[in-house]
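Hi,

Here is the structure I promised to pass along.

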Amino acid sequence: MSDNTIYVDDFERSNRLNRRIATIDAYYLAIVANKPFTEYFGDTRFSNLTEFVAEEEKINLMDFIDSYEGKELKGIFHFRNHKGEMRLNLITLFAQKTSSARSEINIEMVDVESLANINELLLDDIKKGRALFGLTKEYTFTYDMSNDIFKMCRYDIFSKDTIYKMSLIQWREFMINEGFIAESDIGLFKNLVGQILSYEQSFSAKITTSMRTQKQIMEKLIFTGMVYNKYNGDKIVIGRILTDENAHTNSNLIEMISDLSYDALTGVYNKKTITEYAKSLISANNDHKHDNYMDAYPTNLAIIILDVDNFKKVNDLYGHMYGDKILARIGRKLKEIIGDGGVIGRIGGDEFLIILFDITDENLLRGYLRAVRTQIKWEFINDFADFNITCSIGSSIYPKDASNYDELFRIADFCLYIAKEKGRDRYVFYRKEIHEEAYIKSITSSDKKNVSGREVNELRYISKVIEHFARNKRQAVSDLLTHIQETFNVDSVNIYRGENLELHKTFGQVLDNSSNALYAKSPGFKSMLCEKMFLESSFVGRVADVAPEFSEAMHQRNVICTIQIVLGNDMNNITGLLTIDKAGNAPQKWAEYEIQTSLIAAYLINVLIADEDRPYLK
């Protein structure tokens, strides 16, 4: 017990929860210092600041203080604390006390290294608070007048779910119009909203509502709250929602119905709840999008469908109980990643639905999708030797892509299908200029796989190419390269030949600065090939350090994604190269069938080179 007490005392003595401030004179002597300042150095008779700075930094500290001219100035130096430890401190000089330019200066010190300790303790306190709230599935709410955002959260042991995030008036209308408030208590409820809106110092109201039970059972809930002053002086309303201990309702039944909103295995919403929530959110937006108070409402939403890759292998090899554990971990990880940014539900065996709030642009969406994909992958990185647990993701955006839930879901599902088709472990969000034609075909076809089954179609096409190759080699190869350029949505397919790797043939667009491929003779390019005789890059900018000549050549061509295949079998003296290039600024991962088809094309070209001593392409 005493050890813990000493730790807390030492921690409080050295942290910034109490500001360490002093006034120093022209000789760096502390004329006035507060208690945290002197306690940090362990001497209430604190004398000269230069006595505590690291010896090698003493001159720099004096020059730093001497350079002060009245404007706030910051610097970082090592100081010896009361334990004799040299600690990194941020020094701020500010607000002279006298009119003299340099007679007295105020100084504030912050122990930079201990900030990490404070952060860890604060995070630990937050987690403990959430866990305690989660034990009783606590509901809390906040209202911030500065942006007119009302937010209500439900706590679980592992996370908190945002139930509502909208304008306070919008929440009031939603609760009444959807029938969550008993008619007899609508007046009381409106009065409660008025108290929150007017920042009444404290309030409490008992409301009959079916909010917790999804309209199944009305119960008495107590909404209690107060005005809270934030660290920066701003004020917000905070509150809790409590059950009325005197209410004569069947609490066990209410809890059971409340639990029916959640998937027992993963702790996220079940399919019915997440679907109804998404539909109501979009419907409310459509109904009130011209209202003035909708400015604070999350009008831009993302619908995300996530499918767990290789989950069937887990069930087949390790059993369904182990598979359930995988799903539970994914549910917790998704809650951790999404946080207050949205809500999560499980809509099928290994499928999850995520609703993201306030997705104002594709970059923000891409950040979320990348985080989900990466962190799910790393969650299971060491769990299995012969395969990996990853995820495929499809997404659409409201209202950019569609204005109703069913259509948004279909679009996201279509994008998920593309992600899985391209090799899994990736995300695809809908872009009209790229996906519209294929999407329209997919929803008008009675069998989506016949329209979108690119891998199957590619295998069928390759078999026909091989048959054609036996009859007319040159034409078959030419047709195949044209097919790659047109159906893989690439800008240019190129063949380079000779000692100087000069451009021999182009299918599609002739790129700038593409007259040769001499970069293929550079050591960096060859190191990337290893022994595969080819490389594929979804973002060539990432290889600038490894292969600078290659990266620069792609930059000059405006190529962002590329497949490069050596023609022939001499890596020491490359005299032939096949390139499949995508230009622009949107990286896109290559599908496995795209890589394999390109390799087949290179193989057929090599056969021609060996078979013919004449120009082999028309």
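Before the notes, one convention: helices (H or I, at least four residues) and strands (E, at least two) are DSSP runs, numbered from the N terminus. Residues are numbered from 1 along each chain as its sequence is written, and side-chain values use heavy atoms, with hydrogens and water left out. Keep in mind that this is a predicted model, where local features need pLDDT of at least 70, side-chain atom pairs count only at pLDDT 80 or more, and totals for chains, interfaces and linings use all residues.

**Overall**

The chain comes to 19 helices and 21 strands. Of its 618 residues, 48% count as buried (buried is under 20% relative accessible area, exposed over 50%, partly exposed in between, with a 1.4 Å probe and protein chains only). For contacts I use heavy atoms within 4.5 Å. Among contacts in the chain with a separation of 6 or more, 58% are between residues 24 or more positions apart.

**Helix 9 and what follows it**

Helix 9 covers residues 311-318. Its buried residues are Phe311, Val314 and Asn315. Looking down the axis of helix 9, these fall within an arc of 95°, so they line one face of the helix (the arc is that of the directions from the helix axis to the C-beta atoms). Lys312, Asp316 and Leu317 are exposed on the other side of helix 9. The buried residues of helix 9 pack against strand 12 and helix 10.

Asparagine 315 has 15% relative accessibility, so it counts as buried. Leaving out residues up to four places away in sequence, asparagine 315 touches His320 and Gly323. Just after helix 9, glycine 319 takes a positive phi of about 95°.

**Helices 10 and 11**

Two packed helices are described by the angle between their axes and the distance between the axes. For helix 10 (residues 320-338) and helix 11 (residues 362-379), the angle is about 145° and the axes are 10 Å apart. Axes here are lines fitted to C-alpha atoms, for helices over the stretch in contact, and angles run from 0 to 180 degrees between N-to-C directions.

Who makes the contact? On helix 10 there are Arg329, Ile330, Lys333, Leu334, Glu336, Ile337 and Ile338, and on helix 11 Tyr368, Ala371, Val372, Gln375, Ile376 and Glu379.

Helix 11 has 18 residues and reaches 25 Å from its first C-alpha to its last, close to the 26 Å expected at 1.5 Å a residue (the expected span is 1.5 Å times one less than the number of residues). Leu365, Arg366, Leu369, Val372, Arg373 and Ile376 are the buried residues of helix 11. Seen down the axis of helix 11, they fall within an arc of 130°, so they line one face of the helix. On the other side of helix 11, Asn363 and Trp378 are exposed. The buried residues of helix 11 pack against helix 10 and against strand 12 (301-309), strand 14 (351-356), strand 15 (390-398) and strand 16 (426-429).

**Backbone points to check in your viewer**

- A cis peptide bond joins tyrosine 398 and proline 399, with omega about 0°. Proline 399 is in the loop between strand 15 and helix 12 (405-421).
- Aspartate 358 is a residue other than glycine with a positive phi, near 55°. It sits in the loop between strand 14 and helix 11 and is partly exposed, with a relative accessible area of 30%.
- Leucine 501, also not a glycine, has a positive phi of about 45°. It lies in the loop between strand 17 (492-497) and strand 18 (502-508), and at 0% relative accessibility leucine 501 counts as buried.

**Further along the chain**

Methionine 533 is in the loop between helix 17 (523-529) and strand 19 (534-537) and is buried, with a relative accessible area of 18%. Its C-alpha is separated by 8.6 Å from that of glutamine 564, 31 residues apart along the chain. Leaving aside neighbours within four places in sequence, the contacts of methionine 533 include Gln564, Ile565 and Val566.

Serine 551, in helix 18 (residues 548-557), counts as buried at 11% relative accessibility. Not counting residues up to four places away in sequence, serine 551 touches Val540, Val543 and Ala544.

Cheers
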